[in-house]
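This report describes the model shown below. It begins with a side-chain interaction and then turns to the elements, the loops and the chain as a whole.

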Amino acid sequence: MVASIGWNPFYKNKKKTVELHLIHTFENDFYGKQIKAIFVGYIRPEKNFTSEEELIKAIKTDIAFAEEQLQKPDMIAYKYDQFFKE
């Protein structure tokens, strides 16, 4: 996943939020479910965008960076959910 924690200035939010973007495609949705997340890195500070296209481009860049980081040997366990097995 990649996540945004902040005010999301492009949408002029009045409250601080946490938004998760799941990289993996799942067959089912998560509405009404509890999701566990581990934050293992930092990509960039929050910023405002001049257009929705610019925002989407930045999110895609963030996803590409996260996917690259998840290929590193010390991140493989996070990538494959090995910490959430109960």
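## Salt bridge

In this predicted model, the side chains of D62 and R44 form a salt bridge with an N to O distance of 2.9 Å; the term requires a side-chain nitrogen of Lys or Arg within 4 Å of a carboxyl oxygen of Asp or Glu. The structure holds one salt bridge. Because D62 lies in helix α1 and R44 in the loop between β2 and α1, the pair ties together parts that are 18 residues apart in sequence.

The two partners carry separate accessibility classes. D62 counts as buried, at 12% relative accessibility, whereas R44 is partly exposed, with a relative accessible area of 29%. Buried denotes under 20% relative accessible area, exposed over 50%, and partly exposed in between, with a 1.4 Å probe and protein chains only. When neighbours within four places in sequence are left aside, D62 is in contact with V2, I43 and R44, contact being defined by heavy atoms within 4.5 Å.

## Basis of the model

The model is predicted: local features need pLDDT of at least 70, side-chain atom pairs count only at pLDDT 80 or more, and totals for chains, interfaces and linings use all residues. Residues are numbered from 1 along each chain as its sequence is written, and side-chain values use heavy atoms, with hydrogens and water left out.

The predictor's confidence in each residue, pLDDT, runs from 0 to 100. Its average over the chain is 88, and 93% of the residues score at least 70. Confidence is highest in helix α1 (residues 52–69), at a mean of 96, and lowest in helix α2 (residues 76–79), at 78.

## Helix α1

Two helices and two strands make up the secondary structure of the chain, and from the N terminus on the elements run β-β-α-α. Helices (H or I, at least four residues) and strands (E, at least two) are DSSP runs, numbered from the N terminus. For α1, the 18 residues should span 26 Å at 1.5 Å a residue, and the end C-alpha atoms are 26 Å apart, which agrees. The expected span is 1.5 Å times one less than the number of residues in the helix.

The buried residues of α1 are L55, A58, D62, I63 and A66. Seen down the axis of α1, these buried residues fall within an arc of 140 degrees, so they line one face of the helix; the arc is taken over the directions from the helix axis to the C-beta atoms. They pack against β1 and β2. The face turned away from this buried side carries the exposed residues E53, K57, K60, T61 and E68.

## The β1–β2 loop

N8 is placed in the loop between β1 (2–6) and β2 (17–21), and K12 is in the loop between β1 and β2 as well. Most residues other than glycine have a negative phi. Phi of N8, however, is positive, near 50 degrees, and K12 has a positive phi of about 55 degrees although it is not a glycine.

Which residues does N8 touch, not counting residues up to four places away in sequence? N8 touches N13, T17, E19 and E46. N8 is buried, with a relative accessible area of 11%, while K12 is exposed, at 63%.

## Strand β1 at A3

A3 lies in strand β1 and counts as partly exposed, at 37% relative accessibility. Apart from neighbours within four places in sequence, A3 is in contact with E19, L20 and F39. The C-alpha atoms of A3 and N28 are separated by 20 Å, with the two residues 25 apart along the chain.

## Whole-chain values

Taken along the principal axes, the C-alpha atoms of the chain fill a box of roughly 40 × 30 × 20 Å. Of the 86 residues in the chain, 14% are buried. Among contacts between residues at least 6 apart in sequence, 46% join residues at least 24 apart.

The chain exposes about 7,400 Å², and carbon and sulfur atoms supply 55% of that area. Accessible areas come from the Shrake-Rupley method with a 1.4 Å probe, and for residues only the protein chains shown count as cover.
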